[in-house]
Amino acid sequence: MISDYLRKGTESRKDGTYYPSDIGGCMRKLWYSYTKGAEPDMGKLTSIQLGRMMHGFLADVINSEKTDIRMVKPRVAIMEKFEGITVEGDVQAMIISYEGREYVMGVRATKWLDGVRRPDRIHSMQMNLYMHATGVPRAMIAYIEKSTLKTKTFTVKYVPEKAMLALKRFKKLHDCIIRDELPSPEAKQGNEKWQCSYCDYVSECARDAH
Ligand code: SF4
């Protein structure tokens with residue numbers, strides 16, 4: 001019952017339509033996930049659900065009016081068209097108002113808050129895409145520690161080139177999918193080998209080598 005509930009909303013996508021939250025992940029991993037159609041494992045589904053719960057928690061805190069932040073929009077849905085593809089879906093973000101200015105506020109669950117010293121590169125790219133798509137040129141990310149609910153918040157600068165880079169990455173992924181061309185194993189080749197620890201396609205990736 002719980003796994004059925006968690007799987008809701010993770011159905012495969014229409015051709016040429018991509019999830020905004022996928023940006024920044026290893027290109028090869030994304031290629032497998034869109035072409036192999038494997039269902040996400042329970043670990044990933046649980047992590048998505050935790051993110052949703054943290055989003056709900058933060059929305060409740062803001063709506064309680066015990067902070068100087070005001071809720072403008074509790075949910076954000078992105079729909080961005082770019083060079084024949086569509087980037088579309090609900091994202092873990094809300095729009096808030098603070099000191100008279102609107103911000104896109106992203107929410108992330110983390111195991112260890114002390115280890116979070118700045119916004120993660122991938123999260124920063126996501127927030128730039130969200131700012132571009134919503135037209136709100138300021139953003140914050142709240143990292144919430146799962147075991148304590150302590151929170152750290154960072155502002156994220158809007159850099160239009162980063163939003164464009166995100167859209168271009170989706171286009172590149174799309175081109176690889178329609179040409180049936182396997183992308184390089186970005187995470188292994190770069191500084192983000194940690195992504196491989198959370199990848200459902202480790203054996204396929206090792207088999208396909210370069
Ligand atoms: S194992 Fe690592 S490099 Fe290979 S697809 Fe997964 S994340 Fe990418």
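I shall speak about the sheet, the hairpin, a helix pair and the surroundings of the ligand.

What you see is a predicted model, in which local features need pLDDT of at least 70, side-chain atom pairs count only at pLDDT 80 or more, and totals for chains, interfaces and linings use all residues. Residues are numbered from 1 along each chain as its sequence is written.

Let me begin with the sheet. Helices (H or I, at least four residues) and strands (E, at least two) are DSSP runs, numbered from the N terminus. Strands are taken to pair if DSSP finds at least two bridges between them. Five strands form an open sheet with mixed pairing, in the order β2-β5-β6-β7-β8. Because β2 (69-73) and β8 (151-156) stand at the edges with a single partner strand each, one side of each has no neighbour in the sheet. From one strand to the next, the twist averages 35°; angles run from 0 to 180 degrees between N-to-C directions, and axes are lines fitted to C-alpha atoms, for helices over the stretch in contact. Four bridges pair β2 with β5 (residues 93-98) in the antiparallel sense, and Lys73 lies opposite Ile95 in β5.

Next, the hairpin. β3 (residues 76-82) and β4 (residues 85-91) run antiparallel, joined by seven bridges. Two residues lie between these strands, and Glu83 in the turn has a positive phi of about 45°. Within β4, Val87 stands opposite Glu80 and is also the bridge partner of Tyr18.

I turn now to the helix pair. α2 and α5 (residues 160-178) pack with axes 10 Å apart, at an angle of about 50°. α2 is therefore oblique to α5, given that angles under 35 degrees count as roughly parallel, over 145 as roughly antiparallel, 65 to 115 as roughly perpendicular and the rest as oblique. Residues are in contact if their C-beta atoms, placed from the backbone, lie within 7 Å. Here α2 contributes Met27, Leu30, Trp31, Tyr34 and Thr35, while α5 contributes Leu173, Cys176 and Ile177.

Which residues are around the ligand? They are Cys26, Arg28, Lys29, Pro185, Ala187, Lys188, Gln195, Cys196, Cys199, Tyr201, Val202 and Cys205, each with its C-beta atom, placed from the backbone, within 6 Å of the molecule. Two or more residues of this shell come from each of α2 (27-35), α6 (186-189), α7 (194-197) and α8 (202-208).

Methods: Contact = placed C-beta atoms within 7 Å.
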